[in-house]
Structures are given as C-alpha cells and as structure tokens.
Amino acid sequence: MDMATTQLEPLLGTPAAGEDPGAEGAGTTFRRIVVPLDGSRLAAAALAPAAEIAAHTGAPVLVVHAIAPVSVPDVDPQTALSLGETDGRVLLERAVGQLRDARVRADELLVLPAKGEAPDPAQAVLTALRRTRDADLVVMTTHGRVGVRRAVVGSVADGVIRHGHVPVLLVPAAALDGRSVRLAPEDTAELPATILVCLDGSALADAALGPAAALASAIGAGMTLVRVIPQEYLLLAPGYGTPATQRAAEVALSERADALTDKYPHLPFVRTAALVAESHAVAHAILGHAAESGARVIALATHARAGVRRLVLGSLTAALVKAARVPVLVVPPAGGGGARARPDDARY
C-alpha cells in the first residue's frame, strides 16, 4: 500500500487555544468532518481543505480507512487481512499526526469488511457517520478527469451521497494541479473568496444554500447565487422574452440573497447572477462565471435517493465535477434519515 502523506502547515486564522471559532455571529457551522483515506496521494489531498475548515470552526476531523487484505504470495487470508489492518492503522496515525501538527483536533476509525465481502470504502464512511452521529460534512477527492460515471457514480462518493445524507465536498484531481487546495486566500489582504451556489428556482436546489453558507462562514467567504436559464426554456414560455425571464430569475435570486444576509449578517457579501445559455452549455456557463468571480467552491444540491445519476439540474453535477478546477460541494436533501452502517464493523 502506498502510504502517501501530505504535509499540513498551521493555517492562517487558526483559532488560538481556548478561542471560540464560532463567536461573533458565525451562525451555523460544521460539528465534525469525515475524511476517507485509501493510502493514495489523491485521497490524502482531501486533508488540507478539511483541516482548513476545521481550523476555522473548531470541528474535529475523523479520518477513516476501510481495511483491505495485503496482497502477499503464500499468505493466508487472515494474515493478509491482519497486515492490511496494520498498514491502515499506520496510515491513519500519520494523518492524525499531521492534522494535530496543524492544530486541528483529529481521531481515526478503521473499518473491517464484513465476513466474505470485499472492502467497502463507502460503507466505512457511512459507519463513521453512524457512530459519530454529529458528523455533518465529508471531504474527499475524486478523479474528475475520467468522468463522473467511473469516478463518482457507483463508487465511494456516490454511495456516500446517496446514503450518508450529509454534504460532500468533492475535490477534483484537476483542482490540485500539483498543490494543496486552499479554500480561502492565503494573503489576508486579498478580497474575500466567494462560494458559487447553483440554483434553478426549486426548493430542492435551495437545499444547497444552508451548507454553502456554513462553509462560507467558516472560511470568511461571500456567496454568489447563480441561476442559468436554458435558452430552450424561453421558447416554451409564450409571452416571456429573455429580459422578462431574466428579471424574474433576478428577483427570485435577490429574495434568497436577502434571506441569507438576514440569517448570516457576517457574510462579506451575497451577490446574484441570472444567465442565459443553451442547455448543453449550462455547466460551461457556470464554470465561466466561477472563473470570472474567482469562486473557490461551487455548490449545488442533488437527489440523495439516486445519487448523482439523477440530479437537480440533469447532468450538471457530473459535468461540474468532471471539469471544475475548484472543489464542488454536493448537498443531498435534508431529512434523509441518517447513515446506514453495520453495527460492529469499526475499530477505533
């Protein structure tokens, strides 16, 4: 197993000992962050953004690993599994040490596969969510370059999104570009970062607003609410021209922005943008606006019951995760009923 590690530096703005990171009207914040690791450098890259969020919220980080048998010639299955457990424990101890060096509270969880079954990293995350009960954010990486059907759908992220019922911050490989992902600007003199939230006028899409605001609060970012109106929709709405439809969308976005400002008065700004694009270019329009506005995160909601196969905005999440060069916060609808996990498959 590749025991890849990531160096974590103490973060700018890390609360001093005893300081309340949620003070001064920080509003809703995250209580515990789960990060799944598999021994690869890509998975370990999720530690940096998780540590950054934890540093600003005071939330502890739980690193999780699904034990896998080590492939060694002429070794019986039980010994191979025992060796895999040893490797996993070393991996998690290193990650916990790095997080604590960065002044972040951290713990570890090893999850055994069910007897006769292959290791299931998604089940490991669900076990962590079930056991902690207060975990409300998962941070993990994904191979955006191979497309979501192979990297997310039917894989760890899809399982977590469908059954975990908590927001998942997906860090595409393209967002790394040989460096650690940082959600807020390193230079405190820079303008505040922004989180771009994709909306479509539905209550389901609005589910992304709360978690996005919590993340914005954590890193001192503003928010940009964006709705892209497909040009084809204009043709199906007699009497509606582009200006009128855009204006209606702008009014709806402004109402949501006002509500966010009232609930989170500490946010540096809440901006809105109503755009028009062809249906096949909606993701392109969002990514373009994200680049222009300097967005550090793109957030949107999805149907948890069907994972990213059936999305609030069609295949938008798939397209964004595949092409984005910033993390994507995927939010399932609230009230999913909690994570499903076996009762006795974890080791602390």
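The model is a predicted one, so to speak of local features takes a pLDDT of at least 70, side-chain atom pairs count only at pLDDT 80 or more, and totals for chains, interfaces and linings use all residues. Residues are numbered from 1 along each chain as its sequence is written, and side-chain values use heavy atoms, with hydrogens and water left out.

Overall, the chain holds 13 helices and 11 strands; these are DSSP runs numbered from the N terminus, with helices being H or I of at least four residues and strands being E of at least two. Of its 348 residues, 53% are buried, where buried means under 20% relative accessible area, exposed means over 50%, and partly exposed is in between (1.4 Å probe, protein chains only). Among contacts (heavy atoms within 4.5 Å) with a separation of 6 or more, 81% join residues 24 or more positions apart.

Now for the inside. A nonpolar core here is a set of buried Ala, Val, Leu, Ile, Met, Phe, Trp, Tyr and Cys residues joined through side-chain atoms within 4.5 Å. The largest one has 69 residues, and those with the most contacts inside it include Ile-195, Leu-215 and Leu-225. Helix H9 gives the most to this core, with eight residues. Apart from it lies another core of 42 residues, Leu-109 and Val-228 among them.

Leu-225 touches, among others, Val-197, Leu-253 and Arg-271, leaving aside residues up to four places away in sequence. Arg-271 in turn lies over the face of Phe-269, 3.7 Å from the ring centre; the rule asks for NZ of Lys or CZ of Arg within 6 Å of the ring centre and within 35 degrees of the ring normal.

Ile-219 is found in H9, which covers residues 209–219. Ile-219 counts as buried because its relative accessibility is 8%. With residues up to four places away set aside, Ile-219 touches Leu-183, Ala-184 and Ile-195. His-56 is 163 residues away from Ile-219 in sequence, yet their C-alpha atoms are 6.5 Å apart.

Asp-74, with phi near 60 degrees, sits in the loop between strand S2 (61–66) and helix H3 (77–101), and at 84% relative accessibility Asp-74 is exposed. Arg-103 has phi near 65 degrees and lies in the loop between H3 and strand S3 (106–111); Arg-103 is partly exposed, at 47%.
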